[in-house]
Structures are given as structure tokens and as C-alpha cells.
There are 2 protein chains.
Amino acid sequence: MILLDGKKTASEIRGELKTEISKLVEQGKNIPGLVAILVGENPASEIYVRSKAKDCEEIGMRSKVEKLPSDTSETRLLDLVKQYNEDKNFHGILVQLPLPKHIDEEKIIEAISPKKDVDGFHPISIGNLVIGKDTFVSCTPAGIHELLMRYKIETKGRHVVVVGRSNIVGKPIANIMLQKKDGANSVVTICHSAAKDISDYTRQADILIAAIGSPKFIKKDMVKEGVVVVDVGINRIEDKSSSKGYKIVGDVDFDEVASKCSYITPVPGGVGLMTRAMLLKNTFKAYKIYESLKG
Amino acid sequence: MILLDGKKTASEIRGELKTEISKLVEQGKNIPGLVAILVGENPASEIYVRSKAKDCEEIGMRSKVEKLPSDTSETRLLDLVKQYNEDKNFHGILVQLPLPKHIDEEKIIEAISPKKDVDGFHPISIGNLVIGKDTFVSCTPAGIHELLMRYKIETKGRHVVVVGRSNIVGKPIANIMLQKKDGANSVVTICHSAAKDISDYTRQADILIAAIGSPKFIKKDMVKEGVVVVDVGINRIEDKSSSKGYKIVGDVDFDEVASKCSYITPVPGGVGLMTRAMLLKNTFKAYKIYESLKG
């Protein structure tokens with residue numbers, strides 16, 4: 001069993017981007033920038049946004065957090081998004097979700113220029129992903145794909161089984177893996193809560209992507225020998241032995257399942273860190289697009 | 001075995017739309033309109049466009065064919081699309097593909113207002129389909145879905161296997177069937193030419209959707225007893241007994257497979273006619289959207 005090491009891989013990606021950005025600095029060129037817009041007080045969102053800004057800093061990428069009060073009007077937020085659509089220093093725009101209830105999230109996401117949509121949530125980004133056009137892919141599925149590619153996991157003609165059909169993980173990763181492209185070209189099954197018996201499908205998986213949001217859901221008898229397991233879950237469960245009183249586990253019962261796997265992602269240290277790294281990579285891509293259109 | 005009768009169902013849909021439109025006429029209201037834009041001389045395209053116009057006429061829908069010479073510039077075509085985006089009498093815009101090579105098809109499709117995108121080819125329509133927002137669904141997958149619904153085929157938790165991953169059939173129908181909605185909510189597998197053995201997957205299908213483009217590809221031993229078969233193929237094969245010298249067959253070997261099915265679409269008389277009916281339905285929907293935004 002080989003660990004798909006998200007920590008190491010994410011660090012490699014950050015290292016590569018850091019090198020690219022330092023070249024830009026040497027050449028006296030503009031550098032990529034990411035703006036994160038945060039509305040209202042949400043402790044989890046604040047932590048996310050802060051860690052994203054820290055990641056940018058680490059690799060020499062410009063970053064900015066726009067903190068707006070919770071009573072910010074939809075119009076004000078739309079105006080701010082439009083302002084950053086035109087900003088030459090910020091190539092990626094991220095609006096941290098969830099937004100306060102009086103703001104229409106879809107409207108805000110659709111206002112982000114598709115050229116700066118580093119979260120890949122704009123319907124046009126999702127549509128382009130499906131039809132196989134180069135586009136921004138949301139960070140978690142992009143991170144899963146990157147991890148499989150860097151470990152040179154064979155995907156062509158293999159059976160990828162995705163458990164879960166969320167808009168930000170299950171659906172996009174399924175649509176990535178079925179494309180006729182290197183690192184994809186798989187037969188893809190998407191199963192979910194409506195299935196009579198999910199293990200009918202998971203047991204067929206050459207590559208199993210678990211994005212259910214249920215701690216240790218995937219057990220040993222649900223997978224076949226030699227499977228590649230990608231665990232997207234980040235679940236908090238009680239742990240009295242920890243000083244925090246909890247620990248983070250995935251959607252896969254790692255202790256049971258790992259011995260049957262050819263490859264498996266740990267939790268933590270797997271997909272989560274890849275997600276963060278892909279935001280940086282998407283921002284760098286947005287910068288490249290901006291620069292190519294400029295000149 | 002019950003025939004999923006596309007001819008009868010399409011005729012029902014046309015009848016329903018005709019009734020709706022005659023009500024609008026009685027009320028002295030504007031009626032829905034479809035414009036089809038055709039560039040250059042392509043005999044197949046001319047036939048398609050003519051049959052679409054004839055369908056409109058039959059149900060009292062306004063229709064217009066814009067025929068442009070093959071040397072029409074991209075700019076001229078873009079201008080025409082933009083003109084119809086603003087036209088209050090044409091609520092659906094269809095640009096017949098393929099376009100001459102000097103015109104960028106993607107650019108033209110993206111110029112169509114998503115509110116008038118009755119072909120459902122705009123990336124924003126595809127993206128919205130994936131995330132489960134109400135949108136225009138391209139006519140063939142919409143027709144398949146409508147046929148399954150009108151025959152009250154149970155889909156929840158059942159295994160839909162799609163063979164083929166084209167942008168206009170395989171990918172959208174897969175994305176429809178996995179939505180958490182009535183008439184969908186299925187476990188979905190998409191298999192294709194890269195699969196080691198396609199019958200490993202087709203034999204699992206409760207509902208098999210064949211969109212391969214290969215005559216009589218699906219044989220008796222590739223399906224299980226009681227399967228629902230939707231045959232999207234329209235293939236011409238030699239037939240000396242016919243005065244035309246050819247006949248139309250599907251991707252499924254109907255004569256072999258039908259006896260194992262609970263339901264099956266014939267070819268011709270199945271999905272093809274549903275596709276045509278859905279274009280009318282999409283145009284009526286575009287009209288409703290236009291009217292609701294107007295007032």
C-alpha cells in the first residue's frame with residue numbers, strides 16, 4: 001500500500017509556483033494576485049480565508065482579504081466583484097461561501113468574470129469542464145485529479161466509482177474522469193444515497209472516490225483488493241484522548257481499508273491540502289490568461 | 001415488452017403546445033417564435049432546418065429560417081445572433097451546426113443569449129444542468145428524459161448505464177439522471193470506447209441508454225432480462241430490399257434484444273421524434289421566460 005501524500009504533493013506544487021513567481025519578480029513583471037471576499041462573521045470562513053492568504057504569502061503571491069459587514073447589500077457586493085473583474089493586480093476572485101441569506105449566492109457567483117473564477121463555481125466553468133474545454137476546475141476535484149496524475153495512477157478504461165454527487169466534488173470529478181484525455185478516460189459510476197446498496201458499486205471500483213460526508217462510511221468489505229482510494233471526507237468525531245476532544249477522520253475507515261488498497265489518501269494530509277494548493281494553481285492560471293489577453 | 005413510442009409521445013407534446021398557443025392567439029397575445037440560422041449549403045442541415053420549421057408551423061408557432069451564404073463572416077453571424085437576442089418575436093435561437101470552418105462555433109454558441117438557448121449548447125446551460133438549476137436541456141437528452149417520465153419508468157435508485165459520452169447526448173443525459181429529482185435520482189454509469197469490456201457495464205443496466213453511433217452494437221447477451229432500453233442511434237445501413245437502397249437502424253439490435261426488455265424505443269419512431277418535439281417545448285419555455293421577464 002502506497003500513501004497518496006497530499007502534504008508532500010501540495011508542497012511540491014507550492015514550490016513550483018514559488019519558483020515561477022520569483023522568476024516574474026526577477027523580470028520586473030507583475031505577479032499573480034488573489035482577492036478573497038468575506039461577508040459577515042463566520043468563524044469557519046475566517047479560518048479558511050486566513051489560511052488561503054497565508055498560502056499566497058508563502059509562495060510570494062499577492063493576496064488581499066476584503067472583509068465586509070454582514071449587512072452588506074447585494075448591490076454593494078456585486079459592485080465590488082465587478083471592480084475586481086477589472087483589477088489588473090487581482091487575477092483570481094474568491095467569494096467565500098456561505099453568504100448571508102439576503103444575498104443571492106448564484107447571482108454573485110455569476111457576476112465573477114469566468115476568466116477570474118478560480119473557485120470554478122461559475123456555471124460557465126462547469127459547462128466548459130463537461131464539454132472538455134480548458135477552464136477553471138473547482139479546487140477539490142482539481143486536487144484529486146492532480147494527485148492521481150502525479151502518482152501516475154493508470155486511469156484509462158478503469159472503473160472510477162464516485163460516492164456522492166455534490167456540485168463541488170462528486171459531479172465535477174465524475175465529469176473530469178470521463179473525458180477522453182490523459183489522466184482520465186475512465187468508465188465512471190456516480191452512486192449516492194438513493195442507491196439500494198452502495199457496496200454493489202463500490203466493490204467494482206478500480207479507483208474509489210469517497211465524497212459522502214459521513215465518517216468512516218467505507219468499510220473493508222465494500223472495496224476490492226488493489227483498489228485506489230481517494231478520501232474526500234473531512235469529518236470531526238469525538239476523541240477523548242485528544243486535547244481538543246475531537247479528531248478528523250475521512251469518509252473511509254482507513255484502519256480497516258488501507259491494507260486492501262494499492263494506493264490511499266490519508267485524512268488529514270490528503271485531499272484537503274491538495275484543495276488549498278489548487279487554489280494557488282488556479283490563480284496562477286488566471287494570471288497567465290490575463291497576461292496573454294493583455295498583450 | 002412495451003414499446004416506448006416516440007411518435008405517439010411527440011405527437012402528444014405537439015398537441016399540448018398547439019393548445020397552449022391557440023389560447024395565446026385567442027387572448028390576442030404574442031406567440032412563441034423560433035429562428036433557425038443556417039450558414040452555407042449542407043443538404044442534411046437544410047433538411048433538418050426545414051423539418052424544424054414545419055414542426056413549428058404545425059402547432060401554430062412562429063418560425064423563420066435565416067439562410068446565409070457560406071462566405072458569411074463570423075462578425076456578420078455574431079451580429080445577427082445579437083440582433084435576435086433582442087428580438088421580441090423570436091424567443092428561441094438555433095444556429096444549425098456544423099458551421100463553415102472559418103467560423104468559430106464555440107464563439108457563436110456563446111453569443112446566443114442563455115435565455116434563448118433552445119438547443120442547450122451554451123456552456124452556461126450545460127453548467128446549470130449539472131448543478132441542478134432549471135435551464136435549457138439539449139433536445140435529445142431532454143427527449144429521452146421526457147419519454148421515461150411519460151411512461152412512468154421508475155428511475156430512483158435504479159442503475160442507468162449510458163454508452164457513449166458525446167457532448168450532446170451521453171454527458172447531458174448522465175448529468176440529468178443523477179440529479180436528486182423526480183424522474184431521475186439514479187445511479188449512473190457512463191461507459192465508452194476506452195472500457196475494457198462494455199458488456200461488463202451494460203449487463204448491469206436497469207435502464208440502458210445507447211448513444212454510440214454504431215449500428216446494432218448492443219446485442220442480446222449484453223443486457224439483462226427486464227431492462228429498459230433507450231436507443232439513441234440513427235444509422236444508415238445498406239438494404240437492397242428497400243427502394244432507397246438503405247434503412248435506418250439504431251445502436252441496439254432490436255430484433256435480438258427486444259424480447260428481453262420491459263420497455264424499448266424503436267428506431268425509427270423513438271428518440272429522434274422526441275428530439276424534434278423538445279425543440280418546440282424549449283422554444284415555448286423560452287417564450288414563457290421572455291414574457292415573465294417582460295412584465
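## Note on the predicted two-chain model

1. Pro268(B) sits in the loop that separates strand 11 (261-264) from helix 10 (271-294) of chain B.

2. Chain B has another cis peptide bond, the one that joins Leu97(B) and Pro98(B), with omega about 0°. Pro98(B) belongs to the loop between strand 4 (92-95) and helix 4 (105-111) of chain B. A backbone point in chain A may be checked alongside these: Lys152(A) is not a glycine, yet its phi is positive, near 50°. Lys152(A) is found in the loop that runs between helix 6 (139-150) and strand 5 (159-163) of chain A.

3. The coordinates are those of a predicted model. The confidence scores are ipTM 0.96 and pTM 0.97. For chain A the mean pLDDT is 97, with 100% of the residues at 70 or more.

4. Two domains are assigned in chain A: domain 1 covers 28-114 and domain 2 covers 138-272. Their C-alpha centres are 29 Å apart.

5. One sheet of chain A is open and has three strands in the order 3-2-4, paired in parallel. Its edges are strand 3 (62-68) and strand 4 (92-95) of chain A, each of which pairs on one side only. On average, and with direction ignored, neighbouring strands in this sheet are turned by 15° against each other.

6. Within that sheet, seven bridges connect strand 2 (residues 33-39) and strand 3 of chain A in the parallel sense. One of the pairs is Val39(A) with Leu68(A), the latter in strand 3 of chain A. Helix 2 (residues 43-59) of chain A packs on the sheet and touches strand 2 and strand 3 of chain A. The direction of helix 2 makes about 170° with that of strand 2 of chain A.

7. What is its strand order? The twelve strands run 1(A)-11(A)-8(A)-7(A)-5(A)-6(A)-6(B)-5(B)-7(B)-8(B)-11(B)-1(B), and the pairing is mixed. Strand 1 (2-3) of chain A and strand 1 (2-3) of chain B each have a single partner strand and stand at the edges, so one side of each lacks a neighbour in the sheet.

8. The two chains meet in this sheet through strand 6 of chain A and strand 6 (residues 187-191) of chain B, which are antiparallel and joined by three bridges. Thr189(A) has Thr189(B) as its bridge partner in strand 6 of chain B. Ile190(A) is paired with Val188(B) of that strand.

9. How many residues of chain A are in contact with chain B? There are 24, and they meet 24 residues of chain B. On the chain A side, helix 5 (123-131) and strand 6 (187-191) each supply at least two residues. Helix 5 of chain A gives the largest share of that side, eight residues. By class, the side of chain A that touches chain B consists of 13 nonpolar, seven polar and four charged residues.

10. Chain A superposes on chain B by a rotation of 180°, with 0.0 Å of shift along the axis and an RMSD of 0.0 Å. The two copies are therefore related as by a two-fold rotation axis. Both copies use the same surface, since 100% of the contact residues of chain A recur in chain B.

Note on methods
Residues are numbered from 1 along each chain as its sequence is written. Chains are lettered from A and ligands numbered from 1 in the order in which they are written. This is a predicted model: local features need pLDDT of at least 70, side-chain atom pairs count only at pLDDT 80 or more; totals for chains, interfaces and linings use all residues. Domain bounds come from an automatic or database domain assignment. Two residues are in contact if their C-beta atoms, placed from the backbone, lie within 7 Å. Helices (H or I, at least four residues) and strands (E, at least two) are DSSP runs, numbered from the N terminus. Ala, Val, Leu, Ile, Met, Phe, Trp, Tyr, Cys and Pro count as nonpolar, Asp, Glu, Lys and Arg as charged, and the others, Gly among them, as polar. Two strands pair if DSSP finds at least two bridges between them. Copies are superposed by least squares on the C-alpha atoms of residues with pLDDT of at least 70 in both. Axes are lines fitted to C-alpha atoms, for helices over the stretch in contact, and angles run from 0 to 180 degrees between N-to-C directions. pLDDT is the predictor's confidence in each residue, from 0 to 100.
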